[in-house]
Amino acid sequence: MSQWVNICNINDILPATGVCALLGKEQVAIFRPRHDEQVFAISNIDPFFEASVLSRGLIAEHQGELWVASPLKKQRFSLTDGRCMEDENVSVKHYDARVKDGKVQLKG
């Protein structure tokens with residue numbers, strides 16, 4: 001059974017940015033798109049280049065959905081489920097994320 005794991009304080013993540021964290025041995029990109037406490041988490045590994053860069057990507061909204069663009073070749077990944085906008089055969093792992101009592105938590 002998975003448990004919620006404290007990662008950082010919500011105030012450690014500036015609005016409209018992402019950070020990288022470790023969940024066990026996995027690099028996770030955690031994003032805070034707005035000034036509220038909504039957070040999203042996907043793998044930090046760009047599957048096209050096997051590089052740990054997605055947490056540094058640009059957050060964008062397209063047709064009402066939030067995406068992050070890889071800083072390498074700008075492929076976009078959905079913050080809700082990790083699928084790639086440009087290639088439907090590619091996706092990254094998505095993690096359950098929440099904020100509880102000011103702490104960002106991931107389900108591990």
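Colleague: Why is Phe-48 called partly exposed?

Modeller: The model is a predicted one, and in it Phe-48 has a relative accessibility of 32%.

Colleague: What makes the rings of Phe-48 and Phe-77 a tilted pair?

Modeller: Their centres are 6.3 Å apart, and rings pair if the centres lie within 6.5 Å. The planes stand at 45°. Under 30 degrees would count as stacked and over 60 as edge-to-face, so this pair is tilted. The count of aromatic pairs comes to one.

Colleague: Which parts does the pair tie together?

Modeller: Phe-48 sits in the loop between strand 5 (45-46) and strand 6 (51-52), while Phe-77 belongs to strand 9 (residues 76-78). The pair therefore ties together parts that are 29 residues apart in sequence.

Colleague: Why is Gln-63 called exposed?

Modeller: Exposed means over 50%; Gln-63 has 74% relative accessibility, so it counts as exposed. Gln-63 is placed in the loop between strand 7 (58-62) and strand 8 (65-69). From Gln-63 to Gly-82 there are 19 residues in sequence and 16 Å in space, C-alpha to C-alpha.

Colleague: What makes strand 2 and strand 3 a pair?

Modeller: At least two bridges are needed, and these strands have seven, in the antiparallel sense. As an example, Leu-22 has Gln-27 in strand 3 as its bridge partner.

Colleague: How many residues has the largest nonpolar core?

Modeller: There are 13, and Val-28, Ile-30, Val-39, Ala-41, Val-104 and Leu-106 have the most contacts inside it. Two or more residues come from each of strand 2 (17-23), strand 3 (26-32) and strand 12 (103-107). Another core, of 12 residues, lies apart from the largest one and includes Ala-29, Phe-31, Phe-40 and Leu-54.

Colleague: What is Val-104 in contact with, leaving aside neighbours within four places in sequence?

Modeller: Among its contacts are Val-5, Ile-7, Ile-10, Ile-13, Ile-30, Val-39 and Val-99. Asn-6, Asn-9 and Arg-98 are also in contact with Val-104.

Technical notes. Residues are numbered from 1 along each chain as its sequence is written. This is a predicted model: local features need pLDDT of at least 70, side-chain atom pairs count only at pLDDT 80 or more; totals for chains, interfaces and linings use all residues. Side-chain values use heavy atoms; hydrogens and water are left out. Helices (H or I, at least four residues) and strands (E, at least two) are DSSP runs, numbered from the N terminus. Buried means under 20% relative accessible area, exposed over 50%, partly exposed in between (1.4 Å probe, protein chains only). A nonpolar core is a set of buried Ala, Val, Leu, Ile, Met, Phe, Trp, Tyr and Cys residues joined through side-chain atoms within 4.5 Å. Contact means heavy atoms within 4.5 Å. Rings of Phe, Tyr and Trp (its six-membered ring) pair if their centres lie within 6.5 Å; planes under 30 degrees apart count as stacked, over 60 as edge-to-face and the rest as tilted.
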